[in-house]
Amino acid sequence: MFGGDPLRSPFNEKTPFECRAPYAISKRLAYDWVIYYRQTYGMFVASLFTFNHSNVYRNRSFYIKKI
């Protein structure tokens, strides 16, 4: 969804979108719908971006290592 170098970080709310795959385009469309409903109907609608936060420094007992 953010395109370019996947290791480029940190991402924040000002990072430009660079949708290069159908999945990224659908995520961007859902994000735009959230904004549309919030502005048009005055609804409380929220969206968020989740990222994998696992890394090599996690303890072996952390659940991601068990999967």
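Analyst: The labels below are each set against their cut-offs; the model is a predicted one.

User: What makes up the secondary structure of the protein chain?

Analyst: Two helices and zero strands. Helix α1 covers 22-41 and α2 covers 63-66.

User: How do you know that the length of α1 agrees with its residue count?

Analyst: α1 has 20 residues. At 1.5 Å a residue they should span 28 Å. The end C-alpha atoms are 28 Å apart, so the two values agree.

User: Which residue follows α1, and what is its phi?

Analyst: G42 follows α1. Its phi is positive, near 65 degrees.

User: Why is the contact between R20 and E18 called a salt bridge?

Analyst: The cut-off is 4 Å between a side-chain nitrogen of Lys or Arg and a carboxyl oxygen of Asp or Glu. The closest N and O atoms of R20 and E18 are 3.0 Å apart. That distance is within the cut-off, so the pair is called a salt bridge.

User: Why is R20 called exposed and E18 partly exposed?

Analyst: Exposed means over 50% relative accessible area, and buried means under 20%. R20 has 63%, so it counts as exposed. E18 has 26%, which lies in between, so E18 counts as partly exposed.

User: How many salt bridges are there by this rule?

Analyst: Two. D32 and R28 also form a salt bridge, with the closest N and O atoms 3.2 Å apart.

User: How far apart are D32 and R28 along helix α1?

Analyst: They are four residues apart, so about one helical turn separates them. In general, an α-helix has 3.6 residues a turn, so residues three or four places apart point the same way. D32 has 31% relative accessibility and R28 has 29%. Both values lie between 20% and 50%, so D32 and R28 are partly exposed.

User: How many aromatic pairs does a search of the whole structure find?

Analyst: Four. One of them joins F17 and Y31.

User: Why is the pair of F17 and Y31 called edge-to-face?

Analyst: Ring centres must lie within 6.5 Å, and edge-to-face needs planes over 60 degrees apart. F17 and Y31 have centres 5.3 Å apart and planes at 65 degrees. Both tests are passed, so the pair is edge-to-face. F17 lies in the segment before α1 and Y31 in helix α1, 14 residues apart. F17 is partly exposed at 24%, and Y31 is partly exposed at 23%.

User: What makes Y36 and Y41 a pair, and of which kind?

Analyst: Their centres are 6.2 Å apart, within the 6.5 Å limit. Their planes stand at 90 degrees, so the pair is edge-to-face. Ring pairs link Y36, Y37 and Y41 into a cluster.

User: Which residues make the nonpolar surface patch?

Analyst: L29, W33, Y36, Y37, Y41 and M43 make it, with an area of about 670 Å².

User: What share of the protein chain is buried?

Analyst: Buried residues make up 10% of the 67 residues. The chain exposes about 6,100 Å², and carbon and sulfur atoms supply 59% of it.

Methods
Residues numbered from 1 in each chain as written. Predicted model: local features only at pLDDT ≥ 70, side-chain atom pairs only at ≥ 80, totals over all residues. Heavy atoms only, no water. Patch = residues over 30% accessible without salt bridge, like charges linked within 9 Å, V, L, I, M, F, W, Y side chains within 5 Å. Areas by Shrake-Rupley, 256 points an atom, 1.4 Å probe, with all protein chains shown as cover. Expected span 1.5 Å × (residues − 1). Buried < 20%, exposed > 50% of the residue type's maximum accessible area, 1.4 Å probe, protein only. Phe/Tyr/Trp six-rings, centres within 6.5 Å; stacked < 30°, edge-to-face > 60°.
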